[in-house]
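Subject: Structure for your files

Hello,

Here is the structure I said I would pass on. My notes on it follow below.

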Amino acid sequence: MPLTIKMVREWVTSNDLYSSYFDVATYVAQGKDIFVPSENKYPHVHVGKDFIVWSKSKGNHTDLIRGSMVYKQNIGSAAGFTTDFGMSQLLRYMNSQA
């Protein structure tokens, strides 16, 4: 099964690494965007309804998933540049499923 945004959202929900960032279950249930580690901290991963991007800085985004298109090379690149434990775990999961 190819990697999907739904899979990533469900993985974030079931993974305790992110409970300290925000109430993940509420965000996902309401269909809101998820930011790992935080929308106010760069870099971060932004999980939207139909996209997942790696935000290196404000206005500097790299697609990881857009619709049904998975950018495996970008996932690997993002994983190589992060020092945040939670974001690293998320990118490692995405890379293993892509």
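Lys72, Ile75, Gly76, Ala78 and Ala79 in helix 3 are in contact with Leu91, Met94 and Asn95 in helix 4, contact meaning heavy atoms within 4.5 Å. By class, five of these residues are nonpolar, two polar and one charged (nonpolar: Ala, Val, Leu, Ile, Met, Phe, Trp, Tyr, Cys and Pro; charged: Asp, Glu, Lys and Arg; polar: the others, Gly among them).

This is a predicted model: local features need pLDDT of at least 70 and side-chain atom pairs count only at pLDDT 80 or more, while totals for chains, interfaces and linings use all residues. Residues are numbered from 1 along each chain as its sequence is written, and side-chain values use heavy atoms, with hydrogens and water left out.

Overall, the protein has four helices and five strands (DSSP runs: H or I of at least four residues, and E of at least two, numbered from the N terminus). Their order from the N terminus is α-α-β-β-β-β-β-α-α. The protein has 98 residues, of which 40% are buried, that is, under 20% relative accessible area with a 1.4 Å probe, protein chains only. Of the contacts with a separation of 6 or more, 40% are between residues 24 or more positions apart.

Regards

How values were computed:
Buried < 20%, exposed > 50% of the residue type's maximum accessible area, 1.4 Å probe, protein only.
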